[in-house]
Amino acid sequence: MSEVLEVKGLSKSFGGVQAIRDLSFTVGHGEVVGLIGPNGSGKSTTVNTLAGTLRVTSGEILLAGGHIQNVPEYERVELGLTRTFQTASLFADFTVREQVALGAESTRRSAPVLSIFGFGRHAGEDEAVQSQVEDALELTGLLPIAEKQVGTISSAEQRFLMIATALASNPKIILLDEPAAGMISHERKTLTDMIKRVRDRGISVLVIEHHMALIMEVSDRIVVLNFGQKIAEGTPLEIRENKAVIDAYLGETA
Ligand SMILES: Nc1ncnc2c1ncn2[C@@H]1O[C@H](COP(=O)(O)OP(=O)(O)O)[C@@H](O)[C@H]1O
Ligand SMILES: [Mg+2]
């Protein structure tokens, strides 16, 4: 399996706090990898350095074989790596479709943002962007509410919308930071099915989540962090039975 994402010896310090140390793992083509660990173990910092929101202190990040650790965040999106945030970051006055179109904007170079209002459009580009938007709405089940205002939909629908916005950039891999936060059981089921559909489209997923049933069901592989270091990696079954993981993390959630 070809690797979409390779993380090699990644470290990140904040002053004296070493949030991640010497972290290495890969995400293969069309693979879902779960990233779990106790609060403060470095999961969000990992996603932030991969996405380019934070600069690495040392180490390498490769996307489809090319180094990206010094590439700015927006260019990483253009190269095919995009993410959602732990908290909602949406435009309440936009329609769902307009919000998703913002995600697609990141992949075109002409007249960003303005073009969704009809300025500076390029014929071929326009169709490609529209089909990315419709695809993302379809994949996330948001087509029936595409004309609703973002501020009026449920918080779970807003979380799905964040995923749709990320998908509209036509990514090779998406990074999801606690996508199930605040969701109830049937919403988590919808999310689980959604992540599998994304994977089946050949888009890789790195997902941080505290909800163990969800992570165990969607992940092909799981990486476990504790105090910024990888303490285990394996299939959901291997992780569930790993002594170090039970001691550091699963014990407290079981
Ligand atoms: N911007 C920051 N400045 C200083 N310390 C930070 C910052 N972000 C995270 N940290 C620290 O890095 C460690 C890992 O945090 P984080 O990646 O948010 O953990 P997780 O997402 O696993 O809960 C924690 O000790 C946290 O306090
Ligand atoms: Mg976090």
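I began with ligand 1 and listed the residues around it: Phe14, Val17, Ala19, Pro38, Asn39, Gly40, Ser41, Gly42, Lys43, Ser44 and Thr45. I note that the model is predicted.

I then looked up which elements supply this shell. Both β2 and α1 contribute at least two residues each. Helix α1 gives the most, with three residues.

Next I checked polar atoms against the oxygen atoms of ligand 1. A polar backbone atom of Gly40 is 2.8 Å from a ligand oxygen, and for a polar backbone atom of Ser44 the distance is 2.9 Å. In the side chain of Thr45, an N or O atom is 2.6 Å from an oxygen of ligand 1. On its own, ligand 1 has 560 Å² of accessible area, and the protein covers 58% of that.

I followed α1 to the sheet. Helix α1, residues 43–51, lies across β1, β2 and β4 and runs at about 65° to β2.

I recorded the sheet as open, with four antiparallel strands in the order β2-β1-β4-β5. Strands β2 (17–28) and β5 (66–67) are at the edges with a single partner strand each, so one side of each has no neighbour in the sheet. Between β1 (residues 3–14) and β4 (residues 58–63) I found antiparallel pairing over five bridges. Lys8 has Glu60 of β4 as its bridge partner.

Finally, I looked up the whole chain. It has nine helices and ten strands, and 51% of its 254 residues count as buried. Its accessible surface is about 11,400 Å², with 52% belonging to carbon and sulfur atoms. Among contacts with a separation of 6 or more, 64% join residues 24 or more positions apart.

How values were computed:
Residues numbered from 1 in each chain as written. Chains lettered and ligands numbered in written order. Predicted model: local features only at pLDDT ≥ 70, side-chain atom pairs only at ≥ 80, totals over all residues. Heavy atoms only, no water. Buried < 20%, exposed > 50% of the residue type's maximum accessible area, 1.4 Å probe, protein only. Contact = heavy atoms within 4.5 Å. Areas by Shrake-Rupley, 256 points an atom, 1.4 Å probe, with all protein chains shown as cover. Pairing = 2+ DSSP bridges. Axes fitted to C-alpha atoms, helices over the stretch in contact; angles between N-to-C directions. Near = heavy atom within 4 Å. Polar contact = N/O pair within 3.5 Å; in protein donor to acceptor, adjacent residues only side chain to side chain.
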